[in-house]
Amino acid sequence: METGGRAASPSPAPGHACQVFAADDIYVSIGVNSGDGLGGPDQVVTGDIYELEENARPLRLVLSRPVAAGAEPEVAEGSSLGRPGEKVRLAARYTLMSPDGDKVELLMLALEAGLFALPLSPIGTRSDYTLLHVESSPRDTRLSDLICVSFARGTLISLASGRQVPIEDLGPGDRVLTRDHGPQPLRLLGRATLRAVGAFAPVVITAGTLGNAGDLIVSQHHRMFLYQRNRPAGLGTSELLVQARHLVDGENVFIREGGFVDWFSLVFDRHEIVYAEGIPAESLMVNDATVSRLPPEIAAELGARFPGLAQIQHFGTEAGRQFLETVGPAALYHPRRRRAL
């Protein structure tokens, strides 16, 4: 993320907080390295199945932003791990698969105290994770670029006036149409440019699939708001929140890898449902969990504007992969795009 001119005596860059596990807390339960903790890229074997120790506790790691391009980040003040000024090396990136088919990416960080794993997606105990891919010393991932729900450049957002504006043209104070609270002033437009690989590759929801006017390009964990007139069995409400990655069928909705993506996040006083390409989708929810994964510039501004960092998630039923595999993603598609039987 680029900035303008540099002052003569710049203030320290804000710390970027994240949660990591000791590498030994993630161990091989079945496989060649059975019983061993997660090792470096030259020690692990693809196909091994890993578990997270039941008594494992995440550690808070605070990183400073590198001053020079390509420089390694350093441990910042307030970290419960390492010492301020200590270099943090990104040693590897691992791709694992959970039992339900979701992919989980881990970044392996090397500190003086040893190796630590930073999950880019939530991981839990009592679950198996099969190691699929190992990338040594990845150069295309910056630790500060762990952005959450975002829309790609060019996404049309509905304003209170009814006009649709490309998201990159919005600014603080613009009144955006929300589903539950009508016109709401935008407080912050977060921006970041990421390489479209792995967990950072965008989901493309092709025009018409959910009733969207044009192709809607969102981050994988971005949740779409879907209202079901006939409430599906087993769901508590007719209002569903569905992560974009769970809608992927390879045809109407797919993940597009390659190149770079300019991402934009919308922040309001509350967690809102806005209209993107004419259909409802969530704004960025501001709380400790989401802010800890944002680039430091965005995190710092959010901290200043929203000191409580405690927005409440929009009401609705979270529809997970198990439910969607039962009904099939096409059951949630707009009628015009459902396949003929």
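**A guided tour of the predicted model**

Begin by selecting Ser98, found in the loop between strand E6 (89–97) and strand E7 (103–111). Strands (E, at least two residues) and helices (H or I, at least four) are DSSP runs, numbered from the N terminus. This is a predicted model, in which local features need pLDDT of at least 70 and side-chain atom pairs count only at pLDDT 80 or more, whereas totals for chains, interfaces and linings use all residues. Residues are numbered from 1 along each chain as its sequence is written, and side-chain values use heavy atoms, with hydrogens and water left out.

Ser98 has a relative accessible area of 11% and is therefore buried; buried means under 20%, exposed over 50%, and partly exposed in between (1.4 Å probe, protein chains only). Leaving aside residues up to four places away in sequence, Ser98 touches Asp128 and Tyr129, a contact being heavy atoms within 4.5 Å.

Val28 belongs to strand E2 (residues 26–30) and is buried at 1% relative accessibility. Beyond residues up to four places away in sequence, its contacts include Asp48, Ile49 and Tyr50.

Next, display the salt bridges, of which the whole structure holds 9. The term denotes a side-chain nitrogen of Lys or Arg within 4 Å of a carboxyl oxygen of Asp or Glu.

- Select Glu54 and Arg126, whose closest N and O atoms are 3.4 Å apart in a salt bridge. Glu54 is in the loop between strand E3 (49–52) and strand E4 (59–64), and Arg126 is in the loop between strand E8 (114–119) and strand E9 (129–136), 72 residues apart. Glu54 is exposed at 52% relative accessible area, and Arg126 is exposed at 69%.
- Select Glu74 and Lys87, a salt bridge with its closest N and O atoms 3.0 Å apart. Glu74 is in strand E5 (residues 74–75) and Lys87 in the loop between E5 and E6, 13 residues apart. Glu74 is partly exposed at 27%, as is Lys87 at 44%.
- Select Arg223 and Glu282, a salt bridge with its closest N and O atoms 3.0 Å apart. Arg223 lies in strand E18 (residues 223–227) and Glu282 in strand E23 (residues 279–282), so the pair ties together parts 59 residues apart in sequence. Both residues, Arg223 and Glu282, are buried.

Finally, view the whole protein. Its secondary structure comprises 3 helices and 24 strands, and 50% of its 341 residues count as buried.
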